[in-house]
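Have a look at the sequence and the 3D structure below.

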Amino acid sequence: MTEFSVWAPIPDRVRLDVDGTLHEMTRSDDGWWRADVEAPAGARYGFVLDDDPTVLPDPRSPRQPDGVHERSALWQPDPDAWTDGDWAGGSIEGKVIYELHIGTFTSGATLDSAIEKLDYLVDLGVDFVELMPVNAFGGTHGWGYDGVLWYAVHEPYGGPDALVRFVDACHRRGLGVLIDAVFNHLGPSGNYLPRFGPYLSSGSNPWGESINISGPEADEVRRYILDCALRWMRDFHADGLRLDAVHALVDTTAIHILEELAAETDALAEELGRPLSLIAESDLNDPRLITPRDRGGLGMTAQWDDDIHHAIHTAVSGERQGYYSDFGSLEALASTLKHGYFHAGTYSSFRHRRHGRPLDTATIPGTRLLAYTLTHDQVGNRACGDRPSQNLTFGQLAVKAALAIGSPYTAMLFMGEEWGSSSPFQFFTSHPEPELARATAEGRKREFAEHGWDADEIPDPQDPQTYERSKLNWDEIDDGEHGRLRRVYQRLIALKRTEPDLADPWLDHLRVDYDEDQHWFVMHRGTLAIACNLGTDAVDLPVTGDVVLAWDEPRVGPESTTVPRHSFAILRRPQSR
């Protein structure tokens with residue numbers, strides 16, 4: 001017998017459909033309905049609520065072989081499929097993370113085709129692969145942030161068995177796996193949860209209605225989130241999660257759901273005998289997020305740090321629009337690299353208010369913040385999804401890499417950045433509902449037209465070519481400057497791993513020099529100096545030493561070093577100053 005259960009406090013009657021046969025379910029006082037039924041492995045099943053004959057998928061569906069609108073299927077991980085019994089794992093702190101989107105990482109667009117590129121990532125020096133959401137969502141392709149069945153693996157990627165194969169293949173190669181989990185909203189296509197229970201609150205965020213994590217009957221909704229998060233790490237052997245936009249998790253309870261998740265993740269890590277990491281995306285600049293629970297924090301392992309991205313990108317590119325408006329100077333770059341946050345209780349002209357809180361750099365290491373030169377957001381949320389490689393020189397890309405990877409922070413790359421990929425990463429969807437498809441396309445054009453873009457230039461997210469254009473072109477990784485940049489990334493990552501000075505996580509040990517007029521910047525890491533020329537002319541920098549790595553060969557003198565335009569040089573001084 002198989003026990004089927006579903007939390008559904010709203011309907012007065014719930015029936016179970018197993019392979020087309022209906023069975024009555026029994027309700028308990030806590031709103032759970034249960035039935036024991038003979039069902040073969042892989043059986044298709046769903047629930048019929050009240051008098052509506054529609055068979056709805058299981059909110060905790062383990063598999064959706066026919067899409068998010070159809071019946072669920074029974075699935076259990078096969079213990080014999082795993083070969084990673086000796087995998088010891090590790091924390092993400094101080095490591096190199098590689099963010100990728102399964103649908104565009106390879107032309108095959110599946111988890112199995114991604115396995116074919118894992119040896120390349122090992123050779124590059126990557127420690128962890130971070131998968132953009134692989135939960136089930138409407139349509140065949142999309143970013144994955146509009147998931148509606150959080151427990152299921154998107155079937156076009158290969159479904160749950162393919163994720164098992166992918167994680168196992170990563171672990172066999174010494175790669176950890178992080179999974180991007182979205183718990184702050186649900187997608188618009190295939191969201192049947194409100195018919196079962198009060199999963200949504202009366203509030204909203206930019207992506208839809210908020211999740212009910214602190215209102216009436218929120219306990220079961222919180223449990224739904226926590227069990228889903230733990231499932232990725234327990235059943236699929238993931239080494240941690242990236243938690244999307246946690247600032248949109250409105251929790252007024254005394255124990256924040258992130259603190260609760262951190263505690264249960266630590267307990268699972270102890271049970272499994274290997275570290276598990278939680279990385280939060282947050283725009284609050286609130287150090288309590290990454291402060292340990294025993295010191296009054298929420299206990300996240302680390303967080304994405306957009307201030308570092310903004311400071312590096314604007315200093316190199318010169319862009320100043322939108323949320324870049326407070327950044328761009330080398331002073332802003334220096335302050336951000338030294339303090340972790342640029343806005344730390346200071347006025348934000350973009351927000352028209354004070355923002356952030358200072359980070360205690362004496363007790364919180366820099367490795368709890370992620371540094372990156374781009375992410376899926378910082379590319380895909382641009383009007384045309386253009387990468388920095390489509391607007392900057394290869395030398396400028398190398399400078400950005402040296403600043404991010406050479407910093408005291410945990411480094412993250414976005415797929416293809418290491419060779420300056422020429423492919424954009426555009427916003428794409430495949431909503432099967434005509435009205436939703438039209439609204440998505442028109443809304444995208446209208447949004448950017450309001451900011452001065454020609455609406456005709458905005459790619460249609462529903463156009464299949466928008467998706468196809470966003471796939472990486474692996475044929476260019478060794479071509480000319482692409483190959484040269486990739487080799488520099490490889491060397492930078494190797495230095496981060498082998499140089500003790502670059503492994504120092506304490507921001508108080510970091511020292512910087514810069515010249516706004518000549519546009520040069522030096523980041524001092526112990527005996528190493530990362531000297532960057534962000535300008536268009538060669539400049540003399542007041543630092544000298546043996547060249548460890550450079551983009552264009554510098555001319556080293558006894559008192560200074562001439563660094564060519566759009567270039568960097570890492571120099572080893574005789575001793576730390």
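## Aromatic rings

W7, W150, Y151, F183, Y199 and Y224 form one aromatic cluster. This is a predicted model, in which local features need pLDDT of at least 70 and side-chain atom pairs count only at pLDDT 80 or more, while totals for chains, interfaces and linings use all residues. Residues are numbered from 1 along each chain as its sequence is written, and side-chain values use heavy atoms, with hydrogens and water left out.

A pair of aromatic rings is described by the distance of the centres and the angle of the planes. Here, rings of Phe, Tyr and Trp (its six-membered ring) pair if their centres lie within 6.5 Å; planes under 30 degrees apart count as stacked, over 60 as edge-to-face and the rest as tilted. Searching the whole structure gives 26 aromatic pairs. One of them joins Y98 and F105, an edge-to-face pair at 6.2 Å centre to centre with 70 degrees between the planes. Both Y98 and F105 are buried (buried means under 20% relative accessible area, exposed over 50%, partly exposed in between, with a 1.4 Å probe and protein chains only).

How far apart are the ring centres of W150 and Y224? They are 5.7 Å apart with the planes at 35 degrees, so this pair is tilted. The pair links distant parts of the chain, since W150 belongs to strand β11 (residues 147–153) and Y224 to helix α6 (residues 218–234), 74 residues apart. Helices (H or I, at least four residues) and strands (E, at least two) are DSSP runs, numbered from the N terminus. W150 and Y224 are both buried.

## Charges over rings

Some rings have a charged partner, meaning that NZ of Lys or CZ of Arg is within 6 Å of the ring centre and within 35 degrees of the ring normal. The charged end of K117 sits over the ring of W474, 4.4 Å from its centre. Likewise, R242 lies over the face of W304, at 4.0 Å from the ring centre.

## Pockets and cavities

Rolling a probe the size of a water molecule over the atoms shows where empty space is left. On a 1 Å grid over the protein atoms alone, a cavity is a set of points where a 1.4 Å probe fits but cannot get out, and a pocket is an open set with protein on both sides within 12 Å along at least five of seven lines; lining residues have an atom within 4 Å of a point. Grid points are joined across faces, edges and corners, and a volume is the space filled by probe spheres set on the points.

The second largest pocket holds about 710 Å³ of space. It has 30 lining residues, and Y45, D58, R60, P62 and Q76 are the closest to its centre. Strand β1 gives the most to this lining, with six residues.

## Loop residues

Most residues other than glycine have a negative phi, and most peptide bonds are trans. D50 is not a glycine, yet has a positive phi of about 50 degrees. D50 is in the loop between β6 and β7 (72–73), and is partly exposed, with a relative accessible area of 29%. Is A109 buried or exposed? A109, with a positive phi near 60 degrees, counts as buried at 11% relative accessibility.
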